[in-house]
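Dear colleague,

I am handing over the structure below, together with an account of what was found in it. Please look through it first and then read on.

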Amino acid sequence: MNRPHLVIATTALVVSTFGLLAHAESVSSCEERIQDCLVSASEQRNSCLQTAAASVACTSSRIGTLVTKRAHFTGLQLSPEDQGPAFLGPQIINRRCVDNFDSAWSASLVKGAISQETINRLTASLDECAPADGTTLPRP
């Protein structure tokens, strides 16, 4: 009678271990993806970040919200000469601010796993790059 309980307990342990490994792999995969994106040229970086933000690895990771927020900047105008859709008005962001954010994020990723405190700091830094009205960025 103890044998069925042992089989059930062992199965549960194996399933939970695979779940933890899959979660760790998705986080790692997202961080690796983002690191690859951030070392790309600006045009490729934006496309890469949009793709990463939509990936399962990033949407299920701790940095998913940050990836999505940064990917949102790729659709915004980066210089005063460009005009947005008339009904939205111009939505201009500071390219230097976004580039500085990308550099800081890349440096954090090189150091290893990112803590929640670092994610919060990076999120605040990225928020500073937003248009003054702040209506164009998703809020967590």
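Predicted model: local features only at pLDDT ≥ 70, side-chain atom pairs only at ≥ 80, totals over all residues.

Residues are numbered from 1 along each chain as its sequence is written, and side-chain values use heavy atoms, with hydrogens and water left out. Helices (H or I, at least four residues) and strands (E, at least two) are DSSP runs, numbered from the N terminus.

The axes of α4 and α6 cross at roughly 15° and come within 10 Å, where axes are lines fitted to C-alpha atoms, for helices over the stretch in contact, and angles run from 0 to 180 degrees between N-to-C directions. That angle makes α4 roughly parallel to α6 (under 35 degrees counts as roughly parallel, over 145 as roughly antiparallel, 65 to 115 as roughly perpendicular and the rest as oblique). On the α4 side the contact (heavy atoms within 4.5 Å) is made by L66, K69 and R70, and on the α6 side by L122, T123, L126 and D127.

With α2, helix α4 packs at an angle of about 140°, the axes being 9 Å apart, and α2 is therefore oblique to α4. This crossing, too, is left-handed, and in it R45, N46, L49, Q50, A52 and A53 of α2 meet V67, T68, R70 and A71 of α4.

**The chain and its core**

The protein chain has six helices and zero strands. Of its 140 residues, 37% count as buried, which is to say under 20% relative accessible area, with exposed meaning over 50% and partly exposed in between (1.4 Å probe, protein chains only). Among contacts between residues at least 6 apart in sequence, 62% join residues at least 24 apart.

Leaving aside neighbours within four places in sequence, C30 is in contact with A57, C58, S61, I63 and V67.

**Residues of α5**

The structure holds one aromatic pair. The rings of F101 and W105 have their centres 5.4 Å apart and their planes at 45°, so the pair is tilted (ring centres of Phe, Tyr and Trp, the last by its six-membered ring, lie within 6.5 Å in a pair, and planes under 30 degrees apart count as stacked, over 60 as edge-to-face and the rest as tilted). Because F101 and W105 are four residues apart in helix α5, about one helical turn separates them. F101 is buried at 0% relative accessibility, and W105 is buried with a relative accessible area of 0%.

D102, also found in helix α5, is buried with a relative accessible area of 3%, and, apart from its neighbours within four places in sequence, D102 is in contact with L38, R45 and R70. R96 lies in helix α5 but counts as exposed, at 64% relative accessibility.

With kind regards

Methods
Left-handed = near helix turned anticlockwise from the far one by under 90°.
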